[in-house]
Structure formats: structure tokens, C-alpha cells
Amino acid sequence: MILSNIETVPGKTITRFFGVVSGSTVRAKHIGKDILAGFRNIVGGELKAYTELLTEAREDALRRMVEQAESLGANAVVNIRFSTSSVAQGAAELFAYGTAVTVE
Amino acid sequence: MDQNAEVLVQLVIPLALLVLAYFTGTVIERRHYRSIRERERSWSELPVITLRSVPSGWRVVDSGLVSSSVVISVDYFKRFLAGLRMIFGGRVKTYESLLDRARREALLRLKEQAQSGGYQAVINVRVETTRMANARGDSRIAGLEVLAFGTALELREAP
Amino acid sequence: MSFDPSLPKDGINVTPTHPLREGLLLVVGVAAVAAGLAAMLAVATDLLVPRVPPRLEARLFSGWFDGAAEAGTGGAREQQLTVLLDRMSAHWLENPYQFSVVVWEESEPNAIALPGGTIAITEGLLERVESENELAFVLGHELGHYHNRDHLRGLGRGVAFSLVLVAVGLSGSGSATQLAAIAGQFTQRGFNRVQESDADRFGLELLAAEYGHTAGATDFFDHLPSDDGLSGYLSTHPLHDQRIHTLRAAARAAGWPLRGKRRALGWPSDSVGAEVREQVPGRGE
């Protein structure tokens, strides 16, 4: 599966396109990390636990999007976008979407 | 007796609310999914894509911005489970179906919007999710808005 | 470039776990963690409390319960109660405390051992009590709490578990906090019941030492509302029938007579309990 966030796949031509494919997941971190992050908020700096959580979730979302594209018989997803939103306090939703296409 | 009343308030009422929320929530969700699937099938001929340029071979007569949104709320049962999930971390499974429904609904409404404007396709679609605070302004979830927007195209002939 | 109108496979973005299964796992999980934490904290306070000398306790809590003492009704009854308490505590040989009694204007029958050595007794309890022996057992029971340092245990556990709940509360999850609180309360109740039984046993010993018999020890339970049903199950104290049974068995095992002459209560302007009764109806051996 070829993934890109531009209009096309360089060096190939799009022969067929499908609709929007998307993948999403909602993740929460456990309370221990939450409390540590609370302390980190005092001194600032990277919230490693949160970075990890979001990276993991984003991969998860991407995987689901690819799964949708595969179920269509597409071999590439172009113009992919990510969006992150906080669904509830301590929980984040990762959403990836793009257009499934067949390239040659 | 006093203590019994206290137990009632502490345990029985939330429990009853949970059971009620679970059953109504399940029925509503099942019905909504049925309607989503039906409409997705009937609207499948109208392309909605994230590409920014007009696909080659389309002859565009007119274009315009279309947008649609859905505001959804979490039921008591799902909120309860999500609350417990915050302790252990991991996938908040109960919210996934909720967001899935909202997003598919928003895209379907976008198609309906495009059709009623006399358009045959939507390009450069974007989807945004925003959490809305409740009237008291506290951090607990009140509603989620899913907004979908894109440029609708009127074509000389259907794609 | 052609358009293919087929739809992707359904349900990819939803984890196919049944919500009830997920719910059950989470509820059991949170409850187990909270109960385990509460039990751990209870054991930790139990280890710590015997190391706090009573003099330090008195110093620490001096002033804390001044409000409690001021809320007392004062007067002759408190003095009389203090005399009775002194007689009972005289049988506790290594008693390190300076005890005092206050009477609270509450209709609910209750007696509380406050840190530092002040025993608070409610009006409701005094109204129900019919003999001196009965009252002596109630005081003996509270002295048992001091003997076992239960008043500090309860306090320590409460504070420790509250801190845990505050930490859980930081996650912003109301449902988890509620569930953890309920699970923790149930665990603490288990510990409390053991304490009450131990305090009963100590009170019985003092009663036997003071009067030479243990008549009156179980009278008080007859004067309380029945504890059947939900409230009884959830109560911090063991069920009345169970306590009566345990007390009688303990008295028999120690060779203390179960029957004896009960002394009347001579409240300054009170006729209740003026007659000496040999046996409480319905509770005879």
C-alpha cells in the first residue's frame, strides 16, 4: 500500500479512484501517566508518555485506514490528512483519512 | 430508613440509569447503523474525495462550498465505561462506534447537501472534530461536533 | 481516471468487543484495584498506629476536638458518666489516657471514641439505656477502641484512602471515583467489623471485672432498631444477633456469670430505669 499526502503518487498515474477511506481510534492513557504528566506541567518539557500514546494511536488509525483501502482493492491512498481531537479529558481521538486509488 | 435511602441514592439510581442508557443506547445505535448503511449504498454513486484537483476527464460547469455537521452526545453507559477506562488506559472502545457513526453521518449529509445544490461530486473534503463544553464550562464531555466540508462540483455529465 | 463507487468493508473503525463484556471487565478491575489499595492502606495503618504513643496522640489531637467538647450539653449527667467511665477504666491497668465524656444532642443512638481520649455519647443512646450495667458496657466497648487504638486506625485509613480517591479524581473520571469509593468502603467495613468484635470483647472483660457478672452486656442491642435487610448488611458493625451470640459465648468461655443484678441508673431528674430488672424479656438465657 502506497501512502502519500500529495495529490498523486510520484512517477505513477492514477487509473481509478474510490471514495474517502478513514481510520480512527480513541485512546486514553492510564492514571499513573496522567499524574506524572500533571507534575511535568509544572516544569514544562516534553510529555513523553503523551507523545508515545499519540504516536501509537496514530499508527493504529493509519492501519485501519489502510485496511479500508485494501477492502476496496485499492493499492494507494493519496492526500492523507490527520486530525487529533480531545474527545474527553484524558482521551484523544486520532483520525486519518484520504482518497483510495489504484495507481499504475 | 435513612441508611437505606442513602444506599438507594448511591447505588440503585446510577445502576438504573446505566441499564436504561445501555438498552436505549444499543437500540438507537443499531437503528442508526442500519440507516447509515442503507444511505451509504444509495449515495455511493456520488463521489466524495480528498483530492484537491478535479479528476481528469470531468468537465466542470459550476462549483460551490458545501458543509455539514453533526453534534452527538455520549450516553450515560458509554461515559461510565470510558470513565473507568481512563484508569487503565488503552482503547476507549465505547467512543469508537460513536465517532464512527458521527463521521459517516456527516459525510452522508454532505452528499445530501451537494445533491440538493444540484452538484454531482465533492472534492477536497475535510473532516474536523471539536469537543463542545457544556453550559457550566467544565471539562466533562457535553457534545462532539463533526464537521465535513468540501468543494462541490456541477459536471456536464455524471462521473 | 475512472470512479469506482464500491464501499469499504464495514466496521473497521470499531473494536468488536461487546460493551457489556468491556463493562464487566472494567468494573471488576477498578473495584479490585480500589479494594486492594484500601486493604493495603488499612494494613499499613495497622502497622503504624501501635507505634504512636498515646501521649503523642494526646498532644497531636489536643484542640482538634475542642469543638466536640463544647458541643456537649454539660451538666450533671456528663459528670455522672465520667464517674462511671473512671470506674470502668480503673480495670484497664496500663491505661495511658485521660478520659472525658461529652453528651451530644443527637437522636441517633451512638457513641464515638475521639482521638485524644474524649468519648462522645448521644442523647439518643442515653434515652434508650435502661441500666447502669448496660451503659457501662457501652463505655467499656469504647474503651476497647482506645485499647486497640481503633480510633486512630479509622482516622488513618480514612485519610489515606481519601488521598487515593483524590488522585483518581485527578483523572477527571467521576464514575471511576465513585466506584473506587464504594469498593474501598466495603473493604474498610470488613476491617471495622473485626474491630467492633474486639472492642466488644474488651468491654465485656471490664464489665465482668466491675460487677462480677456480665448481665446487661447485650441489653443495648435490644434497644436498637432491628438491623435486618440492606442497611444491616451494609452496616459497619457486625449484625446484632451475631454480636449477642459472640458476647455470650465469650462470657461462658471465661466463666463470667451471664446473669446478675443490674444497677439502676440514677439520673438527676429521670425516672427511667429506676426499677431493677432481673431479666430482659425475650432475651433470657
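Okay, quick definition before we start: two strands pair if DSSP finds at least two bridges between them. Keep that in mind, and keep in mind too that we're looking at a predicted model.

So, which strand of chain C is joined to strand 2 of chain A? That would be strand 1 of chain C, residues 2-3. Two bridges join them, and the strands run parallel. If you want one pair to find on screen, go to A:Phe17, whose bridge partner in strand 1 of chain C is C:Phe3.

Now let's step back to the whole contact between those chains. Chain A puts in 20 residues and chain C puts in 14 residues. On the chain A side, strand 2 (14-28), helix 1 (31-43) and helix 2 (48-72) each supply at least two residues. Strand 2 gives the most there, with nine residues. And what is that side of chain A made of, by class? You get seven nonpolar, nine polar and four charged residues.

The largest nonpolar core has 77 residues, and the ones touching the most other members are A:Met65, A:Val77, A:Ala91, B:Tyr95 and B:Val122. Helix 3 of chain B, residues 93-116, gives the most to this core, with nine residues.

Let me zoom in on A:Val77. Leaving out residues up to four places away in sequence, A:Val77 touches A:Met1, A:Leu3, A:Val21, A:Met65, A:Val66, A:Ala69, A:Gly98, A:Thr99 and A:Ala100.

Last stop: there's a second, separate core of 31 residues, and among them are C:Ala136, C:Tyr146, C:Tyr211 and C:Trp256.

Key: Residues are numbered from 1 along each chain as its sequence is written. Chains are lettered from A and ligands numbered from 1 in the order in which they are written. This is a predicted model: local features need pLDDT of at least 70, side-chain atom pairs count only at pLDDT 80 or more; totals for chains, interfaces and linings use all residues. Two residues are in contact if their C-beta atoms, placed from the backbone, lie within 7 Å. Helices (H or I, at least four residues) and strands (E, at least two) are DSSP runs, numbered from the N terminus. Ala, Val, Leu, Ile, Met, Phe, Trp, Tyr, Cys and Pro count as nonpolar, Asp, Glu, Lys and Arg as charged, and the others, Gly among them, as polar. A nonpolar core is a set of buried Ala, Val, Leu, Ile, Met, Phe, Trp, Tyr and Cys residues joined through C-beta atoms within 7 Å. A residue is buried if 20 or more other C-beta atoms lie within 10 Å of its own, exposed if 12 or fewer, and partly exposed in between; C-beta atoms are placed from the backbone.
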